[in-house]
Amino acid sequence: MHEQDLDHDHGLLHDLERIRMLARENIGRRRTLRLLFSASGAALIGACGGSGSSSGSTTTTTATPTPTPTPTPTPTPTSSDTCVADPEETNGPYPADGSNSSNGTLVNVLDDSGIQRSDIRSSFGSSSGTAQGVTMTLTITVVNVNNGCATLEGYAVYIWHCTRDGLYSLYTVPNENYLRGVGVTDADGQVTFTSIFPGCYAGRYPHIHFEVYPSLARATSYSNRLLCSQFAMPQAACDTVYASSGYSSSASNFANTTTSNDNVFGDNSSAQVTAMTPVMTGDLTNGYTGTVTVGLAI
């Protein structure tokens, strides 16, 4: 028997009181459900990041965006990232660096006043001659191959080469000291000389001699040099220059020699010969401009 059946047949008054009680309970349940629904709805809205209001205050929650990391750029390699150590080569019979004599007298132009200069076409001091030929400007960059090809500032570079007829000042042209000079590298490791395009004499590929010293103060004698080597003149420029007026003897000599059969460049690797050959542009009218890098292993 059900519980409600035990309360049956107690009279009208009893039934009316029961109805009022059930009504009050029903109202209470509805209010309770409304309160529960209101509370749960507010909690749900708050959990979803919205805003809710009550008799207190309004709270708004804003999500903070996570910053996107900025990628670190990858360094771009440059041409200076790779370099070749120049091989040691002979200074030849005409260096004028204090290592030999001419006509019984020690020849050292390095300790002469005026040797530091950028234009080496004319003689200096008591000599006044000027070498004739096609103008050439050569920029030399000195780098350290043992330190990521870093440029070297404050190093002294001494260069010398023959005339367009294949002769050398202070030796086969004893009364002149042109086509010789010393320069100091700048903050970019560079030094520039203005000269003439050298000639080609029998038995040698066209070339320029050079020595590198740790400083101008030390560039007074061959014994202080860090490197003695040579530059090979680019073949295309030689073909053009030696076909011009004034270089007739060079043209015939050049026809019989290459870097491969030369007694200086012939035993070097192709990479070394490439590094020892200036990149040169220009023409006979405006002259030639060349650039070359010298690699020191220090």
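Reader: Let me begin with one side chain: is Glu 211 buried or exposed?
Author: Buried means under 20% relative accessible area, exposed over 50%, and partly exposed in between, with a 1.4 Å probe and protein chains only. Glu 211 has 0% relative accessibility, so it counts as buried. Before we go on, this is a predicted model, in which local features need pLDDT of at least 70, side-chain atom pairs count only at pLDDT 80 or more, and totals for chains, interfaces and linings use all residues. Residues are numbered from 1 along each chain as its sequence is written, and side-chain values use heavy atoms, with hydrogens and water left out.

Reader: Thanks! Which residue does Glu 211 meet in a salt bridge?
Author: Side chains of opposite charge can pair when their charged atoms come close. Here a salt bridge is a side-chain nitrogen of Lys or Arg within 4 Å of a carboxyl oxygen of Asp or Glu. The partner of Glu 211 is Arg 225, at 2.7 Å from N to O. Glu 211 is in strand 8 and Arg 225 in the loop between strand 8 and strand 9, so the pair ties together parts 14 residues apart in sequence. Helices (H or I, at least four residues) and strands (E, at least two) are DSSP runs, numbered from the N terminus.

Reader: Which residues make up the salt-bridge network?
Author: Asp 97, Glu 211 and Arg 225 are linked in it. Arg 225 also bridges to Asp 97, with the closest N and O atoms 3.4 Å apart. Asp 97 belongs to strand 1, so this pair ties together parts that are 128 residues apart in sequence. Asp 97 is buried at 0%, whereas Arg 225 is partly exposed at 25%.

Reader: Now the backbone: what is the phi of Ala 96?
Author: Most residues other than glycine have a negative phi. For Ala 96, phi is near 55°, a positive value. Ala 96 sits in the loop between helix 2 (12-47) and strand 1 (97-102), and is buried with a relative accessible area of 0%. Asn 103 also has a positive phi, near 55°, but at 72% relative accessibility it counts as exposed.

Reader: And how do strand 5 and strand 6 pair?
Author: Two strands pair if DSSP finds at least two bridges between them. Strand 5 (residues 156-160) runs antiparallel to strand 6, over five bridges. In one of them, Val 157 is partnered by Gly 183 of strand 6. Four of the five residues of strand 6 (residues 180-184) are buried, so the rest of the structure largely encloses this strand.
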